[in-house]
Amino acid sequence: MFGDIGLQRKQQKVAQFWRLRMIVFAACLGMDFHVQAQDEGLARIRSTGIIKLGIRDTAAPFASIKDGVPLGFSVDLCNQAVKGIEKALGQTLKRQIVPTSITQQIEHLKTGEADLICGATTNTQERAKEALFSYAIFVTGVRLAVATQHTDADIRAMSGKRVAVVAGSTAERIINSELRLAQSGGRAFSLLTVPTNDAGVQAVADGKVDAFSTDDVLLAGAIARTKLAPKVKRDGKLLSIEPYGLVMRKGEDALAAIVNGQLRELMTSGAIEPIFKQWFNTAEMAYSMNYLTREAYHFPQRLVAYP
């Protein structure tokens, strides 16, 4: 009798053991399926051995293409991210350069023409619905550029004047909002579009527009690049907060985790600072790291534009 009880207890323990093993196994299967569902982008990169980098060719000093070679702060960060992806996959990847623009970048991700956008792309609520942003790599804000003799660069003092923006930029959205307010108060101004930041700065210098608006750091870069500092200046208050990020396809969280891991290491270790200085503290352009950007490096995270 007692032997039977001992055998039953032993059988119960064996049954419990195998039930536990089956539960753990099922849980592991569920985890594997979950990871695979998130890993389609990495699987595609692994199988082809190619990562497609979308390079904004008119977003210097963040990204540009010169003689077929991509250059810029964001390009360097993308290359660092690729090193992390190569380590995770255990293979060397070929970098395929895909020229893109402010209006094409999200579509290039959706169609698979690009895996990672390297540019000066603000993380807005609208864009976040269509794409996946990395941790903030830079924080700036929309500002005006005006002729050096101009004494009032307030957007609310632009009544009857001509203000230009790059089509598709976040500055276009901000200035459109200001235009609606101006119209309601009888202070309307004309809103024009230009193809690039350099063209906008040149238009101010040539007197074709009274002001050009884009992100402050891009204004600084455009004025330095066109050598128009004697004629054009950045002025007035910031009209927004614009956090930039590298951009990936929506839902590719495994890829984003690797990219963000590389960025976090660069930011918290201080290794990002010499990269910053290389592109922003030059003979042509002296642009200091602002407080918001420094805080973004101390506490790496996704940030969204305001307003």
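Close-up 1. Pro61 sits in the loop between strand 2 and strand 3. The model is predicted: local features need pLDDT of at least 70, side-chain atom pairs count only at pLDDT 80 or more, and totals for chains, interfaces and linings use all residues. Residues are numbered from 1 along each chain as its sequence is written, and side-chain values use heavy atoms, with hydrogens and water left out. Helices (H or I, at least four residues) and strands (E, at least two) are DSSP runs, numbered from the N terminus. The bond joining Ala60 and Pro61 is a cis peptide bond, with omega about 5°.

Close-up 2. Two strands count as paired if DSSP finds at least two bridges between them. Strand 3 (residues 63-66) is joined to strand 4 by three bridges. Ile65 stands opposite Pro70 of strand 4.

**Close-up 3. Two residues with positive phi.** Asp67 is in the loop between strand 3 and strand 4. Its phi is positive, about 55°, although Asp67 is not a glycine. Asp67 is exposed, with a relative accessible area of 75%. Here buried means under 20% relative accessible area, exposed over 50%, and partly exposed in between (1.4 Å probe, protein chains only). Lys227 is placed in the loop between helix 8 (216-226) and strand 13 (232-235). Phi of Lys227 is also positive, near 55°. Lys227 is exposed, at a relative accessible area of 63%.

**Close-up 4. Glu86 in helix 3.** Helix 3 (residues 73-89) contains Glu86. Glu86 is buried, with a relative accessible area of 16%. Residues up to four places away in sequence aside, Glu86 touches Gln91, Thr92, Leu93 and Arg95. Contact means heavy atoms within 4.5 Å.

**Close-up 5. The largest nonpolar core.** This core has 47 residues. Phe62, Phe73, Leu77, Ile85, Phe138, Val217 and Phe280 have the most contacts inside it. At least two core residues come from each of helix 2 (40-48), strand 1 (50-56), helix 3, strand 6 (116-122), helix 8, strand 14 (242-249), helix 9 (253-269) and helix 10 (272-280). A nonpolar core is a set of buried Ala, Val, Leu, Ile, Met, Phe, Trp, Tyr and Cys residues joined through side-chain atoms within 4.5 Å. Beyond its neighbours within four places in sequence, Val217 contacts Phe62, Phe138, Thr140, Tyr244, Phe280, Met285 and Tyr287. A second, separate core has 16 residues, including Val165, Ala171, Leu179 and Ala182.

**Close-up 6. Thr193 in strand 11.** Thr193 belongs to strand 11 (residues 190-194). Its contacts, leaving aside neighbours within four places in sequence, are Val165, Ala167 and Glu172. Thr193 and Gly168 are 25 residues apart along the chain, and their C-alpha atoms are separated by 9.2 Å.

Close-up 7. Leu292 lies in helix 11 (residues 291-298). Leu292 is partly exposed, with a relative accessible area of 38%. The peptide bond from Tyr306 to Pro307 is cis, and omega is near -5°. Pro307 is located in the segment after helix 11.
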